[in-house]
Amino acid sequence: MKYNFNEIEKKWQKYWSENQTFKAENKSDKPKFYVLDMFPYPSGAGLHVGHPLGYIASDIYARYMRHKGFNVLHPMGYDSFGLPAEQYAIQTGQHPAKTTEENIKTYRRQLDQIGFSFDWSREVRTSNPNYYKFTQWIFKQLFESYYCKDADQARPIAELEEVFEIEGNKNINAVTDEGIEIFSAEDWKNYSEIEKQKVLSEYRLTYLSETEVNWCPALGTVLANDEIVNGVSERGGHPVVRKKMKQWSMRITAYAQRLLDGLEKIDWPQPLKDSQINWIGRSEGAHVEFAVQNSEYKIGVFTTRPDTIFGVSFMTLAPEHELVPEITTDEFKEAVDQYRTATAKRSERDRMADVKTISGQFTGAYAIHPFTGKPIPIWIGDYVLASYGTGAVMAVPCGDQRDYDFAKHFGIEIPNIFKDVDISEAACEDKNAVIANSDFISDLPAKKAIKKIIEKLEEKGIGKGKINYRLRDAIFSRQRYWGEPFPVYYKNDMPYMIDSKYYPITLPDVEKYLPTEDGKPPLGNAHTWAWDTEKNEIVSNELIDHKIIFPMELNTMPGWAGSAWYFNRYMDAKNSDEFAGKEALEYWRDVDLYLGGSEHATGHLLYSRFWQKFLFDKGFVPVEEYAKKLINQGMILGTSAFAYRWEYENKEKPEEPKKTIFVSKNVMERILKEREGLGKKKKAVVGEHVDLLGVSKVKKEDQYSHFTPIHADVRFVNASNELDVEAFKNWRPEFKDAEFILEDGKYIVGREAEKMSKSKYNVVNPDDICHDYGADTLRLYEMFLGPIEQAKPWNTAGITGVFGFLKRMWKLYHSGEEGAFFVSEEAPSKEELKTLHKTIKKVDEDIADFSFNTSVSSFMIAVNELTAQKCNKRAILEPLAVIVSPYAPHIAEELWEKLGHKESVSTAEFPVFEEKYLVESTKNYPISFNGKFRFTLELPLDMSKDEIERVVMENEKTQKQLDGRIPKKVIVVPGKIVNIVG
């Protein structure tokens with residue numbers, strides 16, 4: 001019987017769907033195991049073969065754990081708010097919800113055809129109002145909470161109001177905005193409602209503030225740092241500038257230390273942990289206040305080396321620092337404004353990465369040194385960031401190389417404060433250097449000097465010891481339409497929360513998805529987007545009276561809002577009253593295995609830990625960390641194809657049109673080689689091919705310039721790297737009249753592994769692989785490519801080997817007449833049992849170690865051995881089907897059914913490895929005569945030395961070799977060899 005994979009796979013996918021085979025229960029006597037994938041954004045392009053890699057690995061593990069007797073939760077959903085659908089809406093007018101729904105249908109079809117064991121009854125979509133009503137609810141909880149340092153947790157903001165009524169805020173130890181004013185109970189009682197709300201906003205865990213943001217004019221929205229690559233937007237590659245805007249922010253900084261401490265409790269990859277540790281950026285030092293000369297202003301700085309304060313010879317502020325316009329003198333105003341404008345066009349990441357460029361501008365202002373009283377020039381420089389520390393640095397050029405280079409470049413004094421250290425060529429960055437020329441801390445080692453200087457700063461009231469974090473509060477507003485609406489209305493320009501019993505606050509219809517003409521976000525186009533506080537409903541904007549009916553928030557939440565808590569929703573996805581019920585949360589508790597990309601290290605994976613800790617503080621979830629173990633899957637790289645374009649222009653005859661010529665790879669390489677190696681004697685290949693184009697009389701230097709590699713669609717390239725020239729010419733209008741230099745009548749492309757992407761035309765559609773080879777082949781091949789955490793190139797040509805393995809496995813079960821299914825009830829041989837049990841052992845170990853690629857190799861070895869053994873025994877083939885089923889579930893289900901089982905193979909117990917079948921009881925002894933091997937003899941391993949000699953000597957093959965001669969001696973090494981000398 002033929003292995004008809006298309007029919008088999010459709011049959012079992014239908015069976016799983018109709019029978020809800022993989023539906024998990026929230027109550028079970030079995031131990032629980034929660035396997036989670038980072039859910040995808042459903043793009044219009046659908047999945048390519050790189051996307052399912054992590055899903056396949058997690059599915060193998062989920063299926064394996066079911067075989068091991070666990071109640072497995074393995075859900076899937078969609079992170080369905082996203083910019084692409086909104087951009088498409090701007091271009092076409094089609095509502096993002098419709099685009100998203102169409103894209104999800106494609107994703108669901110593709111996911112189903114790969115045979116994932118997802119519990120689709122728990123599907124979530126972040127853009128579904130029944131889902132985002134709880135995102136809005138969590139936002140409201142954050143708004144109504146503050147972070148109490150004494151309790152080291154989030155507490156209700158109402159508690160603060162009670163304390164303010166009794167004693168003001170003098171004894172409050174909370175995470176707040178910088179520079180909060182102290183007030184009494186009497187002050188609080190006399191405050192107006194607006195004043196009280198402003199005070200409370202300085203404590204709230206989500207708050208409105210004027211914030212320096214990454215503004216992308218082309219996209220009409222603010223971008224997070226992780227959404228910017230090389231100074232442009234990750235989506236679309238548009239320019240990004242720094243700009244101040246009123247934004248919602250999340251006070252993630254309150255959780256900085258707990259986010260660091262929590263990394264010790266979870267089994268996540270160390271490189272990912274290191275990314276979060278560096279992003280949070282904990283450092284110990286001191287906060288120091290520098291007074292500005294002839295001014296009431298003070299500049300606060302944070303430094304990890306307060307012991308170097310006597311080496312300060314200038315200060316540098318971030319160009320966007322709020323004091324820059326206030327302190328800049330008239331003489332330098334124009335130059336400072338120009339510098340600030342130029343800096344605003346660069347992202348923070350770009351500025352941080354650029355360590356070579358030295359730039360800055362003097363403000364004309366001076367600060368007063370807090371100990372010496374000397375004036376210190378105040379500069380601005382783009383190497384200082386407003387978002388880190390205070391946005392200002394005390395520059396110590398003798399102890400910091402960047403300050404040193406800046407001082408050298410601008411001719412600023414570099415005083416030396418280190419004992420016996422030469423700073424004529426470079427700064428001294430040795431933290432153990434002894435301090436000198438520093439008044440009361442001279443001759444002290446760094447640690448003692450730091451302690452003493454902090455004591456002095458606190459004594460003088462001009463500074464204090466401090467722990468600082470690089471982590472900044474997370475901007476939580478986006479100027480987009482397609483996102484979660486904020487449940488907020490504005491009264492006297494202050495935000496108020498809509499009561500959660502009226503959630504979800506759903507997106508209104510708009511005529512246009514672009515920002516308004518006066519620069520408001522797209523929701524500013526809505527005609528019905530006002531909140532009636534009496535009727536508690538959304539009404540027409542025309543009814544706004546600022547007494548009962550108020551305007552609503554026009555921004556929407558960022559892309560990470562819905563993904564910051566979705567893992568909890570899967571536990572109780574149908575609950576309409578709570579984001580998840582207590583019973584379900586207590587049962588599933590946390591994710592046992594989470595798979596996803598490392599690119600989310602400082603985005604989703606940090607924000608979601610923050611929200612989980614907050615929900616834990618509030619008693620809404622039972623655990624503080626939501627994922628015990630995380631694995632970052634590597635990337636499947638596309639094998640891009642390149643055609644090499646040679647732009648020829650006859651400079652002697654400029655009236656002749658330019659020629660677009662594509663040169664086959666090997667010809668190009670020969671041309672380049674001759675150009676490099678033959679100097680002026682170029683001829684051969686160059687001349688030969690130039691002649692073909694009728695340009696041989698043109699000067700050699702004009703006959704060609706460099707070759708430009710152009711991505712060619714991999715669909716036009718066969719397994720031998722030959723390009724379908726006609727298809728390529730018809731692909732794009734500019735190639736229609738191109739000429740081609742071939743080799744042996746063929747155009748050979750270049751190949752290179754790079755990220756699989758539509759823009760590189762190297763995408764391989766899993767639909768094609770499933771159609772041509774089957775989903776089981778795709779699953780096995782993706783695992784076979786290499787270790788799960790490593791990047792590896794895709795090569796469709798290599799898939800035939802895995803497909804051949806499945807056909808050989810199918811044949812094992814179909815050894816009857818004319819390929820009919822047949823298994824024998826006979827007892828298996830020792831060799832057959834050995835093959836089975838070494839495979840069980842290997843697969844058990846491999847899955848535990850997430851070494852899925854070596855399991856596939858083990859399957860291949862096992863099938864080859866069993867084929868050679870002509871095995872058809874049920875006792876072997878039945879457990880083999882179970883072992884293979886996590887990897888190739890469709891073929892396993894079909895064989896399981898043929899073996900006579902009524903239930904899905906997923907319900908079968910995983911075979912148990914038994915060591916006894918791998919213990920050798922016999923040994924094939926090599927029998928040699930005078931050191932020359934002649935034959936082997938199988939003997940029991942427990943046979944004594946004398947018995948071995950007797951049996952060997954009595955064997956007829958030995959007698960034949962000796963031919964009547966008597967050997968001088970017989971050497972027997974038990975368990976190894978027998979050598980007959982004589």
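The structure is a predicted model. The chain is divided into domains numbered from domain 1 to domain 6, and 51 salt bridges are counted in the model. There is 1 cavity of 30 Å³ or more.

**Domains**

- Domain 1 is made of two stretches of the chain, 35-139 and 569-632.
- Domain 2 covers residues 282-469, domain 3 covers 488-555 and domain 4 covers 643-755.
- Towards the end of the numbering come domain 5 (766-917) and domain 6 (922-981).
- The C-alpha centres of domain 2 and domain 5 are 65 Å apart.

**The largest cavity**

- The largest cavity holds about 60 Å³ of space.
- Its lining includes Phe-81, Gly-82 and Leu-83, together with Arg-480, Trp-482, Gly-483 and Glu-484.
- Met-557, Pro-558 and Gly-559 also belong to the lining of this cavity.
- By type, the lining residues are 5 nonpolar, 3 polar and 2 charged.

**The second largest pocket**

- The second largest pocket has a volume of about 670 Å³.
- It is lined by 27 residues, and those closest to its centre are Tyr-490, Lys-520, Pro-521, Glu-553 and Leu-554.
- Strands β5 (206-216), β9 (241-250) and β18 (488-491) each give two or more residues to this lining.
- The element that contributes the most is β9, with 3 residues.
- The lining of this pocket consists of 13 nonpolar, 8 polar and 6 charged residues.

**Salt bridges**

- Side chains of opposite charge can pair when their charged atoms come close.
- Glu-101 and Arg-125 form a salt bridge, with 2.7 Å between the closest N and O atoms.
- In this pair, Glu-101 belongs to helix α4 (residues 96-113), whereas Arg-125 lies in the loop between α4 and α5 (129-143), 24 residues apart.
- Glu-101 counts as partly exposed because its relative accessible area is 33%, and Arg-125 is likewise partly exposed because its value is 22%.
- Arg-258 forms a salt bridge with Glu-624, the closest N and O atoms being 2.8 Å apart.
- Helix α9 (residues 256-262) holds Arg-258, while Glu-624 is in the loop between α18 (604-617) and β24 (630-632), so that 366 residues separate these linked parts of the chain.
- Both Arg-258 and Glu-624 are buried.
- Arg-258 and Glu-624 also belong to a network of salt bridges that includes Arg-609, Lys-613, Asp-617 and Glu-625.
- Asp-382 and Arg-346 form another salt bridge, with the closest N and O atoms 2.7 Å apart, and both residues are buried.

How values were computed:
Residues are numbered from 1 along each chain as its sequence is written. This is a predicted model: local features need pLDDT of at least 70, side-chain atom pairs count only at pLDDT 80 or more; totals for chains, interfaces and linings use all residues. Side-chain values use heavy atoms; hydrogens and water are left out. On a 1 Å grid over the protein atoms alone, a cavity is a set of points where a 1.4 Å probe fits but cannot get out, and a pocket is an open set with protein on both sides within 12 Å along at least five of seven lines; lining residues have an atom within 4 Å of a point. Grid points are joined across faces, edges and corners, and a volume is the space filled by probe spheres set on the points. Ala, Val, Leu, Ile, Met, Phe, Trp, Tyr, Cys and Pro count as nonpolar, Asp, Glu, Lys and Arg as charged, and the others, Gly among them, as polar. Helices (H or I, at least four residues) and strands (E, at least two) are DSSP runs, numbered from the N terminus. Domain bounds come from an automatic or database domain assignment. A salt bridge is a side-chain nitrogen of Lys or Arg within 4 Å of a carboxyl oxygen of Asp or Glu. Buried means under 20% relative accessible area, exposed over 50%, partly exposed in between (1.4 Å probe, protein chains only).
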